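Subject: Structure handover

Hello,

I am passing this structure on to you. Please open it and keep it in view while you read.

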Amino acid sequence: MTTRSAIQEESYLYPWQKGLFHELTQHQIPHSLLLFGQKDIGKLKFGLELANYLLCESSDQKPCGVCEACHWIKQGSHPDLFIVLPQNLRHLLPFEIENDADLDDADEKKQSKVIRIEQIRHVISSNELGSYRGGKRVVLIYPIESMQIEAANCLLKTLEEPSSKLHFILITHQLERILPTIRSRCLLFSMPKPPVNEAISWLSTQLPDRWTTPLLAQRLSLHSGAPLKVMASINDKALDESIITNQLAKFKSLHTGEIIDLLSQHSILEILNCILKWSFDMNLVLFGQQVRYFPQFEAKMKSSCLAMNKIHFQQFLSSLKDDLRLANHPLFPKVQLEAVLMKYTQLFK
Ligand SMILES: [Zn+2]
């Protein structure tokens, strides 16, 4: 049997949302709620938790995580929960959904970036049948700015005639784009972006140790403080360190271009970190020790160390550490990186 503490860990909420959720659920939840805030800060999961809260059948703390309703929600199969989102965003849900409008297999529909009128009609006609569980029904729409105009008008009609057991959780990244007629029928609830320290501490639990606090702070500021965007950017494009090390292994014949190009997708901090690891390995070789990060290059490093000015190398290493400290907000990352690489090649001349 699942215990309460295990259940709480299964909550959809991100750590920075717990206070906000508590605040919202202190009062009666309005029938039409419009959650708004910046993209990639967790509004969809917040909406799911709220839907779970509304549909949970426990008389105690909600969502309880153990009642039948909670179980169905976690499976994505609660008959009174309707989640409407564009086809291309379905992967954001923690489960598969089945209660969407019947779709043909046409690829264009699969990849649709809009919420079509058929999707809204499907929800509305299903609601006319009444609730399966005899309780509330919840319609969650994400993000509502992707509704086609006909879909928005169709939704509007339902919002105008609210039924007592039907709840709408509407979510938007762009409040200014939402029809005033829709806005005026909803309670607006602002979702702020997480405090930087909370975002960093969450990110550090999701990522390997090499993602240090300064690195994460830099990434977070690059992505306007949106932690989920940081996660997506890291998952999409992990730095291919071999591009850097293959060049560094050419020593004085290094071509800077390939490394400089990495700046289009990665921060200078990530690149300098890789160069620093490389330099640590060289330092170990200089002191007759085994390398730590790039053993495949150990033999090459050994032979190159003979041709290297050792005093200049120590100066290079310490200036590299300074560069890393200053690299949180570089004004000219390309110039800075070029200078580092230039100094590196000069060690071997
Ligand atoms: Zn429950």
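Below are the findings, starting with the sheet.

Two notes on the basis. This is a predicted model, in which local features need pLDDT of at least 70, side-chain atom pairs count only at pLDDT 80 or more, and totals for chains, interfaces and linings use all residues. Residues are numbered from 1 along each chain as its sequence is written.

**The sheet**

The open sheet has 5 strands, in the order β2-β3-β4-β1-β5. The pairing is parallel. Strands here are DSSP runs of E with at least two residues, helices are runs of H or I with at least four, and both are numbered from the N terminus. Two strands pair if DSSP finds at least two bridges between them. β2 (81-84) and β5 (187-190) are the edge strands, each pairing on one side only. From one strand to the next, the twist averages 15°.

**Strand β4**

β4 covers residues 166-172. It is joined to β3 (residues 137-141) by 5 bridges, and the two run parallel. I141 has L170 of β4 as its bridge partner. β4 is mostly covered, with 7 of its 7 residues buried. A residue is buried if 20 or more other C-beta atoms lie within 10 Å of its own, exposed if 12 or fewer, and partly exposed in between; C-beta atoms are placed from the backbone. In a regular strand the side chains alternate between the two faces of the sheet. In β4, L166, F168, L170 and T172 point one way. H167, I169 and I171 point the other way.

**Strand β1**

β1 (residues 32-36) is joined to β4 by 5 bridges and runs parallel to it. L35 stands opposite I171, and F36 stands opposite T172. Another 4 bridges join β1 to β5, again in parallel. There, L34 is paired with L188. 5 of the 5 residues of β1 are buried, so this strand is largely enclosed by the rest of the structure. S32, L34 and F36 lie on one side, with L33 and L35 on the other.

**Residue A51**

A51 sits in helix α3 (residues 43-55). Is A51 buried or exposed? A51 is buried, because 25 other C-beta atoms lie within 10 Å. Leaving out residues up to four places away in sequence, A51 touches I73, L81, V138, L140 and I169. Contact means that the C-beta atoms of two residues, placed from the backbone, lie within 7 Å. A51 and H167 are 116 residues apart along the chain, yet their C-alpha atoms are separated by 8.6 Å.

**A helix pair**

Two packed helices are described by the angle between their axes and the distance between the axes. α14 (residues 268-286) and α15 (residues 298-306) pack at about 65°, with axes 9 Å apart. That makes α14 roughly perpendicular to α15. Angles of 65 to 115 degrees count as roughly perpendicular, under 35 as roughly parallel, over 145 as roughly antiparallel and the rest as oblique. Axes are lines fitted to C-alpha atoms, for helices over the stretch in contact, and angles run from 0 to 180 degrees between N-to-C directions. On the α14 side, the contact is made by D281, M282, V285 and L286. On the α15 side, E298, M301, K302 and C305 make it.

Best wishes
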